[in-house]
Amino acid sequence: MLATMTSKGQITIPKPARDALQLHPGDRVEFVFGDDGRLFLLSATRPVASLKGMLPKPAQPVSLEEMDAAITASGRS
């Protein structure tokens with residue numbers, strides 16, 4: 001897919017890309033550089049429910065005390 005930049009630096013995201021990212025008017029996008037120098041376009045507007053399953057479940061449940069200790073150890077209390 002190709003797009004042309006306007007004199008104001010604006011680019012229209014091609015429809016197949018908008019559809020694949022489920023982008024709608026008013027949605028925000030994020031530009032991220034990969035380690036190999038490639039640029040990635042990500043949808044920055046997602047429902048919280050879409051985050052489910054992104055991280056694996058821990059092997060063992062973590063207690064609130066362990067969570068508090070980890071937060072304290074990171075210096076972000």
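A residue counts as partly exposed when its relative accessible area lies between the limits for buried, under 20%, and exposed, over 50%. Lys 15, at 48% relative accessibility, therefore falls in the partly exposed class. The structure described here is a predicted model. Its largest pocket holds about 340 Å³ of space, and 2 salt bridges are found in the structure.

**Largest pocket**

- The space in the largest pocket comes to about 340 Å³, and 13 residues line this pocket.
- Closest to the centre of the pocket are Ile 11, Ile 13, Pro 14, Phe 31 and Leu 41.
- By residue class, the lining consists of 12 nonpolar residues and 1 polar residue, with no charged residue.
- Two strands, β1 (29-33) and β2 (39-43), each contribute at least two residues to the lining.
- The biggest contribution to the lining comes from β2, which supplies 3 residues.

**Nonpolar surface patch**

- A nonpolar patch on the surface is formed by Val 29, Phe 31, Phe 33 and Leu 39.
- Together these four residues have about 430 Å² of accessible area.
- Strand β1 gives the most to the patch, namely 3 residues.
- Val 29 is located in strand β1, and this residue is partly exposed at 30% relative accessibility.
- Phe 31 belongs to the patch and is also among the residues closest to the centre of the largest pocket.

**Salt bridges**

- The structure has 2 salt bridges, one between Asp 19 and Lys 15 and one between Arg 38 and Asp 36.
- In the bridge between the side chains of Asp 19 and Lys 15, the N to O distance is 2.9 Å.
- Asp 19 and Lys 15 are both in helix α1 (residues 15-21), where they sit 4 residues apart, or about one turn of the helix.
- Asp 19 has a relative accessible area of 46%, so this residue is partly exposed.
- Lys 15, the partner of Asp 19, is likewise partly exposed, at 48% relative accessibility.
- For Arg 38 and Asp 36, the closest N and O atoms are 2.7 Å apart.
- Arg 38 and Asp 36 are both exposed.

**Loop between α1 and β1**

- Gln 22 is in the loop between α1 and β1.
- The phi angle of Gln 22 is positive, at about 55 degrees, although this residue is not a glycine.
- Gln 22 has a relative accessible area of 58% and is therefore exposed.
- Leu 23 also lies in the loop between α1 and β1.
- With a relative accessible area of 12%, Leu 23 is buried, because the limit for that class is under 20%.
- Leu 23 and Ala 44 are 21 residues apart along the chain, and their C-alpha atoms are separated by 9.4 Å.

- Helix α2 spans residues 64-74 and includes Ser 74.
- Ser 74 has a relative accessible area of 45% and is partly exposed.
- From Ser 74 to Phe 33 the separation is 41 residues in sequence and 27 Å in space, taken from C-alpha to C-alpha.
- Phe 33 is one of the residues of the nonpolar patch.
- Asp 68 lies in helix α2 and is partly exposed, with a relative accessible area of 48%.
- Asp 68 and Arg 28 are 40 residues apart in sequence, and the distance between their C-alpha atoms is 33 Å.

Notes
Residues are numbered from 1 along each chain as its sequence is written. This is a predicted model: local features need pLDDT of at least 70, side-chain atom pairs count only at pLDDT 80 or more; totals for chains, interfaces and linings use all residues. Side-chain values use heavy atoms; hydrogens and water are left out. On a 1 Å grid over the protein atoms alone, a cavity is a set of points where a 1.4 Å probe fits but cannot get out, and a pocket is an open set with protein on both sides within 12 Å along at least five of seven lines; lining residues have an atom within 4 Å of a point. Grid points are joined across faces, edges and corners, and a volume is the space filled by probe spheres set on the points. Ala, Val, Leu, Ile, Met, Phe, Trp, Tyr, Cys and Pro count as nonpolar, Asp, Glu, Lys and Arg as charged, and the others, Gly among them, as polar. Patches are made of residues with over 30% relative accessible area and no salt bridge: like charges are joined within 9 Å, nonpolar side chains (Val, Leu, Ile, Met, Phe, Trp, Tyr) within 5 Å. Accessible areas come from the Shrake-Rupley method with a 1.4 Å probe; for residues, only the protein chains shown count as cover. Buried means under 20% relative accessible area, exposed over 50%, partly exposed in between (1.4 Å probe, protein chains only).
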